[in-house]
Amino acid sequence: AMLERLGERSSESSLPPIRLVRCAEPFNFAQRINLGADAANGEFLLFLNDDTEIVTPDWIESMLEFAQQSEIGAVGAKLLYPDHTVQHVGVMILEGNAGHAFHKVDGSHPGYYCSNVVNRNYWAVTAACLMMRRELFAQIGGMDEQFPINYNDVDLCLTLHQAGYRNVM
(Lines give C-alpha, C1' and ligand atoms only; values in the text may rest on other atoms or scores of the structure.)
Protein backbone atom coordinates (compact mmCIF):
# COMPACT_ATOMS: atom_id res chain seq x y z
CA ALA A 1 0.00 0.00 0.00
CA MET A 2 2.77 2.43 0.92
CA LEU A 3 4.70 1.67 -2.28
CA GLU A 4 1.55 2.23 -4.36
CA ARG A 5 1.02 5.62 -2.67
CA LEU A 6 4.61 6.61 -3.40
CA GLY A 7 4.09 5.71 -7.06
CA GLU A 8 0.89 7.77 -7.18
CA ARG A 9 2.58 10.77 -5.57
CA SER A 10 5.48 10.72 -7.96
CA SER A 11 3.26 10.55 -11.07
CA GLU A 12 1.02 13.41 -9.90
CA SER A 13 3.75 15.66 -8.53
CA SER A 14 5.89 18.31 -10.14
CA LEU A 15 8.77 16.88 -8.10
CA PRO A 16 11.16 14.37 -9.69
CA PRO A 17 9.80 10.82 -9.62
CA ILE A 18 10.64 8.52 -6.74
CA ARG A 19 12.85 5.61 -7.77
CA LEU A 20 12.47 2.42 -5.80
CA VAL A 21 15.65 0.35 -5.50
CA ARG A 22 14.91 -3.29 -4.68
CA CYS A 23 17.24 -5.77 -3.01
CA ALA A 24 16.55 -9.51 -2.89
CA GLU A 25 19.50 -10.27 -0.60
CA PRO A 26 19.03 -11.05 3.12
CA PHE A 27 18.55 -7.86 5.12
CA ASN A 28 21.72 -5.81 5.43
CA PHE A 29 20.99 -2.16 6.28
CA ALA A 30 24.43 -0.96 5.19
CA GLN A 31 24.13 -2.72 1.83
CA ARG A 32 20.70 -1.18 1.22
CA ILE A 33 21.93 2.29 2.09
CA ASN A 34 24.86 1.81 -0.31
CA LEU A 35 22.53 0.63 -3.10
CA GLY A 36 20.25 3.61 -2.56
CA ALA A 37 23.17 6.04 -2.50
CA ASP A 38 24.55 4.54 -5.73
CA ALA A 39 21.17 5.08 -7.42
CA ALA A 40 20.74 8.62 -6.06
CA ASN A 41 21.46 11.57 -8.29
CA GLY A 42 21.05 14.44 -5.83
CA GLU A 43 23.81 16.37 -4.12
CA PHE A 44 22.70 15.28 -0.63
CA LEU A 45 21.68 11.95 0.87
CA LEU A 46 19.04 11.62 3.57
CA PHE A 47 18.78 8.33 5.43
CA LEU A 48 15.41 8.16 7.16
CA ASN A 49 13.76 5.21 8.86
CA ASP A 50 10.31 4.35 7.55
CA ASP A 51 8.69 4.75 10.98
CA THR A 52 9.86 8.33 11.53
CA GLU A 53 7.16 10.89 12.26
CA ILE A 54 8.16 14.47 11.48
CA VAL A 55 7.16 16.96 14.20
CA THR A 56 9.30 19.98 13.29
CA PRO A 57 8.29 21.80 10.08
CA ASP A 58 11.75 23.06 9.03
CA TRP A 59 13.72 19.94 10.01
CA ILE A 60 15.09 19.20 6.55
CA GLU A 61 16.22 22.80 5.99
CA SER A 62 17.92 22.77 9.39
CA MET A 63 19.82 19.59 8.53
CA LEU A 64 20.74 20.91 5.09
CA GLU A 65 22.10 24.10 6.65
CA PHE A 66 24.84 21.98 8.27
CA ALA A 67 25.22 19.25 5.62
CA GLN A 68 26.29 21.77 2.98
CA GLN A 69 29.18 23.07 5.09
CA SER A 70 32.52 21.70 3.89
CA GLU A 71 33.79 20.78 7.36
CA ILE A 72 30.67 18.78 8.30
CA GLY A 73 30.44 15.04 7.68
CA ALA A 74 27.13 13.68 8.97
CA VAL A 75 24.18 15.58 10.37
CA GLY A 76 21.72 13.92 12.73
CA ALA A 77 18.46 14.90 14.38
CA LYS A 78 16.91 14.67 17.82
CA LEU A 79 14.65 11.63 17.78
CA LEU A 80 12.05 10.78 20.41
CA TYR A 81 10.18 7.59 21.20
CA PRO A 82 6.35 7.75 21.08
CA ASP A 83 6.35 8.30 24.88
CA HIS A 84 8.44 11.49 24.29
CA THR A 85 11.64 10.11 25.81
CA VAL A 86 14.96 10.47 24.00
CA GLN A 87 15.79 7.86 21.40
CA HIS A 88 18.69 9.80 19.93
CA VAL A 89 20.50 13.08 20.53
CA GLY A 90 23.96 11.88 19.51
CA VAL A 91 26.30 8.93 20.01
CA MET A 92 29.16 8.91 22.49
CA ILE A 93 31.95 6.36 22.88
CA LEU A 94 32.29 5.29 26.52
CA GLU A 95 34.72 2.56 27.59
CA GLY A 96 35.06 1.50 23.95
CA ASN A 97 31.33 1.12 23.36
CA ALA A 98 28.98 3.33 21.36
CA GLY A 99 25.98 4.57 23.31
CA HIS A 100 23.17 7.05 22.84
CA ALA A 101 23.43 10.17 24.97
CA PHE A 102 20.49 10.71 27.35
CA HIS A 103 18.74 7.56 26.11
CA LYS A 104 15.22 7.24 27.58
CA VAL A 105 15.45 10.60 29.39
CA ASP A 106 12.42 12.89 29.07
CA GLY A 107 12.61 14.59 25.66
CA SER A 108 12.21 18.05 27.17
CA HIS A 109 15.24 17.60 29.47
CA PRO A 110 17.81 20.24 28.46
CA GLY A 111 20.80 17.90 28.94
CA TYR A 112 24.27 18.69 30.16
CA TYR A 113 24.88 22.40 29.53
CA CYS A 114 21.80 22.40 27.24
CA SER A 115 23.33 19.75 24.98
CA ASN A 116 19.86 18.40 24.11
CA VAL A 117 18.58 21.73 22.83
CA VAL A 118 21.58 23.14 20.94
CA ASN A 119 23.44 21.98 17.85
CA ARG A 120 26.63 20.23 18.88
CA ASN A 121 29.35 17.89 17.71
CA TYR A 122 29.16 14.19 18.53
CA TRP A 123 31.33 11.23 17.60
CA ALA A 124 28.39 9.83 15.67
CA VAL A 125 24.72 10.26 14.81
CA THR A 126 22.18 7.58 14.01
CA ALA A 127 21.36 6.65 10.41
CA ALA A 128 17.69 6.57 11.43
CA CYS A 129 17.80 10.24 10.36
CA LEU A 130 21.11 11.28 8.84
CA MET A 131 21.99 13.74 6.08
CA MET A 132 25.29 14.14 4.30
CA ARG A 133 26.79 15.12 0.95
CA ARG A 134 26.64 12.31 -1.60
CA GLU A 135 30.16 13.00 -2.87
CA LEU A 136 31.52 12.67 0.68
CA PHE A 137 29.65 9.37 1.17
CA ALA A 138 31.27 8.07 -2.03
CA GLN A 139 34.68 9.47 -1.07
CA ILE A 140 34.80 7.43 2.17
CA GLY A 141 33.45 4.30 0.48
CA GLY A 142 29.89 4.34 1.87
CA MET A 143 28.75 2.15 4.73
CA ASP A 144 30.77 -0.90 5.71
CA GLU A 145 28.58 -3.89 4.85
CA GLN A 146 30.41 -5.95 7.48
CA PHE A 147 28.00 -4.22 9.89
CA PRO A 148 24.67 -5.46 8.47
CA ILE A 149 22.35 -4.23 11.25
CA ASN A 150 24.16 -2.39 14.06
CA TYR A 151 27.05 0.04 14.24
CA ASN A 152 27.17 0.77 10.49
CA ASP A 153 26.21 4.38 11.21
CA VAL A 154 28.73 4.65 14.05
CA ASP A 155 31.45 3.26 11.78
CA LEU A 156 30.44 5.70 9.02
CA CYS A 157 30.64 8.66 11.39
CA LEU A 158 33.94 7.56 12.94
CA THR A 159 35.36 7.19 9.41
CA LEU A 160 34.19 10.74 8.67
CA HIS A 161 35.78 11.97 11.90
CA GLN A 162 39.08 10.26 11.07
CA ALA A 163 38.97 11.96 7.66
CA GLY A 164 38.78 15.33 9.42
CA TYR A 165 35.05 16.04 9.36
CA ARG A 166 32.73 16.96 12.25
CA ASN A 167 29.45 15.16 12.89
CA VAL A 168 26.66 17.37 14.15
CA MET A 169 23.39 16.69 15.93
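## Basis of the model

A residue is called buried when its relative accessible area is under 20%, exposed when over 50%, and partly exposed in between, using a 1.4 Å probe and protein chains only. The model is predicted, so local features need pLDDT of at least 70 and side-chain atom pairs count only at pLDDT 80 or more, while totals for chains, interfaces and linings use all residues. Residues are numbered from 1 along each chain as its sequence is written, and side-chain values use heavy atoms, with hydrogens and water left out.

## Nonpolar cores

The largest nonpolar core has 27 residues; such a core is a set of buried Ala, Val, Leu, Ile, Met, Phe, Trp, Tyr and Cys residues joined through side-chain atoms within 4.5 Å. The members that touch the most others are F47, L130, M132, F137, M143, L156 and L160. Two or more residues come from each of α2 (29-39), β1 (44-48), β8 (129-133), α4 (134-139) and α5 (152-162). Helices (H or I, at least four residues) and strands (E, at least two) are DSSP runs, numbered from the N terminus.

Leaving aside residues up to four places away in sequence, M143 touches F29, A30, I33, N34, F47, A127, F137, N152, D153 and L156, a contact being heavy atoms within 4.5 Å. A second, separate core comprises 12 residues, including M63, V75, A77 and V168.

## Salt bridges

The structure holds 2 salt bridges, each defined by a side-chain nitrogen of Lys or Arg within 4 Å of a carboxyl oxygen of Asp or Glu. In one, the closest N and O atoms of R166 and E71 are 3.6 Å apart. R166 belongs to strand β9 (residues 166-168) and E71 to the loop between α3 (59-67) and β2 (72-76), so this pair ties together parts 95 residues apart in sequence. R166 counts as partly exposed, at 34% relative accessibility, and E71 is likewise partly exposed at 34%.

R133 and E135 form a salt bridge with an N to O distance of 3.3 Å. R133 counts as buried because its relative accessibility is 7%.

## Aromatic rings

There are 2 aromatic pairs. Rings of Phe, Tyr and Trp (its six-membered ring) pair if their centres lie within 6.5 Å; planes under 30 degrees apart count as stacked, over 60 as edge-to-face and the rest as tilted. The F47 and F137 rings are edge-to-face because their centres are 5.6 Å apart and their planes stand at 65°. F47 lies in strand β1 and F137 in helix α4, so the pair ties together parts 90 residues apart in sequence. Both residues, F47 and F137, are buried.

The rings of Y112 and Y113, with centres 4.7 Å apart and planes at 90°, are also edge-to-face; both Y112 and Y113 are exposed.
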